[in-house]
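This report covers surface, core, charge pairing and helix geometry in turn. Please read it alongside the coordinates.

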Amino acid sequence: DEECDQLDVEVIKELVNYMGYESPAVKRAVAVILSSRSLERVGDLSTNIGEAVVFIIEGESIKHKICS
């Protein structure tokens with residue numbers, strides 16, 4: 001989840017920088033940003049599903065554990 005969040009931030013920073021130099025690319029860049037946000041959300045939801053599966057199978061809540 002944290003890796004997905006970081007990738008999302010990197011994509012947005014890169015595209016905002018790109019849009020500053022290439023104004024015709026703004027429409028495409030916005031579409032990519034929206035896609036990136038959607039993929040980040042899929043990562044969040046996948047994490048939630050994984051946490052629920054662990055809880056159902058093992059009876060252990062890993063929702064707030066810090067992973068290293």
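## Nonpolar surface patch

I49, V53, F55, I56 and I57 make a nonpolar surface patch of about 560 Å². Patches are made of residues with over 30% relative accessible area and no salt bridge, where like charges are joined within 9 Å and nonpolar side chains (Val, Leu, Ile, Met, Phe, Trp, Tyr) within 5 Å. Accessible areas come from the Shrake-Rupley method with a 1.4 Å probe, and for residues only the protein chains shown count as cover. One of the patch residues, I57, has its place in helix 2 (residues 26–58). Helices are DSSP runs of H or I with at least four residues, numbered from the N terminus. I57 has a relative accessible area of 66% and is exposed; buried means under 20% relative accessible area, exposed over 50%, and partly exposed in between (1.4 Å probe, protein chains only).

## Basis of the model

This is a predicted model, in which local features need pLDDT of at least 70 and side-chain atom pairs count only at pLDDT 80 or more, while totals for chains, interfaces and linings use all residues. Residues are numbered from 1 along each chain as its sequence is written, and side-chain values use heavy atoms, with hydrogens and water left out.

## Nonpolar core

Five residues form the largest nonpolar core: I12, L15, M19, A29 and I33. Such a core is a set of buried Ala, Val, Leu, Ile, Met, Phe, Trp, Tyr and Cys residues joined through side-chain atoms within 4.5 Å. Helix 1 (2–21) and helix 2 each supply at least two residues of this core, and the largest share, three residues, comes from helix 1.

L15 is in contact with A29, V32 and I33, leaving aside its neighbours within four places in sequence. Contact means heavy atoms within 4.5 Å.

## Salt bridge

How many salt bridges does a search of the whole structure find? The search finds one. D8 forms a salt bridge with R37, and the closest N and O atoms are 3.1 Å apart. The pair links distant parts of the chain, with D8 in helix 1 and R37 in helix 2, 29 residues apart. The criterion is a side-chain nitrogen of Lys or Arg within 4 Å of a carboxyl oxygen of Asp or Glu. Side chains of opposite charge can pair when their charged atoms come close.

The two partners have separate burial classes: D8 is buried, at a relative accessible area of 7%, whereas R37 is partly exposed, at 47%.

## Helix 2

Helix 2 has 33 residues, which at 1.5 Å a residue should span 48 Å; its end C-alpha atoms are 48 Å apart, in agreement with that value. The expected span is 1.5 Å times one less than the number of residues. Just after helix 2, G59 takes a positive phi of about 70°.

The buried residues of helix 2 are A29, I33, S36, E40, G43, D44 and E51, and they pack against helix 1. G43 counts as buried because its relative accessibility is 12%. G43 and D5 are 38 residues apart in sequence and 8.5 Å apart in space, C-alpha to C-alpha.

## Y18 and R28

Y18 is found in helix 1 and is partly exposed, with a relative accessible area of 39%. Leaving aside its neighbours within four places in sequence, Y18 is in contact with A25 and R28. Y18 and D44 are 26 residues apart in sequence, with a C-alpha to C-alpha distance of 27 Å.

R28 lies in helix 2 and is exposed, at a relative accessible area of 54%. The C-alpha atoms of R28 and L7 are 18 Å apart, across 21 residues of sequence.
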